[in-house]
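Biologist: I'd like to go through this model with you. Can we start now?

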Amino acid sequence: MSFYDRDYNRRNDAPMSGRQMLISLIIINIAAYFIVGGNMYDAFALTVKDGSFRSAYIWQIFTAAFLHRDFWHLFFNMWGLYIFGSLVADHVSAPKMLLLYIVGGAIGNLLFILFNLQPVIPMRVVGASGAVCAMMAAAATVEPNRRFMIIFMPFTPIKTTTLVICYTIMEVLMELSRTSDGVAHLAHLGGFLGGYLIMRLFYGRRLPWDPFRALAQKLAGKPPVHRAPRWEEVKAENTPPPPTADKGNANNTRVSQRELDALLNKLSEYGINSLSEYELERLRKARKQMRGEE
């Protein structure tokens, strides 16, 4: 959960949250399914004309991510979007959530087009699958240790990182097999790439999990780090005043990003009642710093 989404820090004039944007995207997809049809569907779907994608309109790269073939196509995409988007929503703002969806869908469509410039048979690309895969990749970077129970899989529960890695490998194998299953596997792979690039762009090395960083650590024989620092670790490093210290001491120094991450991590694991008066005052000071009041 992000700092501004906490109950003690909410304001009546707070902007739309990442979770609200997620719900809005799901509503837009459902509305488009019932509203867009006929000539409108042809105008917004990424459609092959005369055996070439070069005749497609530029906006179709984006709008195709909001259209679906049938009810089950819509249902499973929205289900996946909600599950993985919910993990991401507590870490990003509404604009970043929207950008993650749009860029994931667009890069997925572009990657598919790149390898199908002149398809042999007429093709129409629709669906939020690329955007959902972007959410999956983003969820793995911010919630790497969250576990899922998956029906018919022997190795469960499975971590987010393991799930995304396995799904990516499966998509690569399906694409290489050239199976005519009517699924745009390249669009899914493009979505994974788009989700990772967006999270890397906004958060850089602060991401709890980065696949390339994890690979480098693996090759170097270092244990991976998948979590924010704990408050006890920060206390040992910075030797702050004890939890019983008065509020005045809590305002002597600025709150670092590492200290804030540790405090929020403790809050999310043990609840607000676990925080001392000193720790609560440090959170209030961090809020003032972010607002520019100090």
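Biologist: In which helix does alanine 139 lie?

Modeller: Alanine 139 lies in helix α6. Helices here are DSSP runs of H or I with at least four residues, strands are runs of E with at least two, and both are numbered from the N terminus. Keep in mind that this is a predicted model, where local features need pLDDT of at least 70, side-chain atom pairs count only at pLDDT 80 or more, and totals for chains, interfaces and linings use all residues. Residues are numbered from 1 along each chain as its sequence is written, and side-chain values use heavy atoms, with hydrogens and water left out.

Biologist: Is alanine 139 buried or exposed?

Modeller: Alanine 139 counts as buried, because its relative accessibility is 0%. Buried means under 20% relative accessible area, exposed means over 50%, and partly exposed is in between (1.4 Å probe, protein chains only).

Biologist: How far is its C-alpha atom from that of valine 88?

Modeller: The two C-alpha atoms are separated by 5.3 Å. Along the chain, alanine 139 and valine 88 are 51 residues apart.

Biologist: Staying with α6, at what angle does it cross α7?

Modeller: Roughly 140°, with the axes of α6 (residues 129–142) and α7 (residues 160–177) coming within 8 Å. α6 is therefore oblique to α7. Axes are lines fitted to C-alpha atoms, for helices over the stretch in contact, and angles run from 0 to 180 degrees between N-to-C directions. Under 35 degrees counts as roughly parallel, over 145 as roughly antiparallel, 65 to 115 as roughly perpendicular, and the rest as oblique.

Biologist: Left-handed or right-handed, α6 past α7?

Modeller: Left-handed. That label applies if the near helix is turned anticlockwise from the far one by less than a right angle; clockwise makes a crossing right-handed.

Biologist: And how do α5 and α8 cross?

Modeller: Their angle is roughly 140°, and the axes come within 7 Å. α5 covers residues 94–114 and α8 covers residues 185–203. The crossing of α5 past α8 is right-handed.

Biologist: New topic. How many salt bridges are there?

Modeller: Six. The rule asks for a side-chain nitrogen of Lys or Arg within 4 Å of a carboxyl oxygen of Asp or Glu.

Biologist: What does aspartate 42 pair with?

Modeller: Arginine 124, with the closest N and O atoms 2.4 Å apart. Aspartate 42 is in helix α2 (residues 39–44) and arginine 124 in strand β2 (residues 124–125), so the bridge ties together parts 82 residues apart in sequence. Aspartate 42 is partly exposed, at 33% relative accessible area. Arginine 124 is also partly exposed, at 43%.

Biologist: Which side chain meets glutamate 259?

Modeller: Arginine 282, in a salt bridge of 2.9 Å, N to O. Glutamate 259 sits in α12 (residues 257–270) and arginine 282 in α13 (residues 277–291), so this pair links parts 23 residues apart in sequence. Both residues are buried.

Biologist: Where do glutamate 281 and arginine 284 lie?

Modeller: Both are in α13, three residues apart, about one turn of the helix. Glutamate 281 is buried at 11% relative accessible area, while arginine 284 is partly exposed at 31%.

Biologist: Last one. Which residues make the nonpolar surface patch?

Modeller: Tyr57, Ile58, Trp59, Phe62 and Ile102, with about 490 Å². Patch residues have over 30% relative accessible area and no salt bridge; like charges are joined within 9 Å, nonpolar side chains (Val, Leu, Ile, Met, Phe, Trp, Tyr) within 5 Å. Areas come from the Shrake-Rupley method with a 1.4 Å probe, and for residues only the protein chains shown count as cover. Tyrosine 57 lies in the loop between β1 (46–47) and α3 (60–63).
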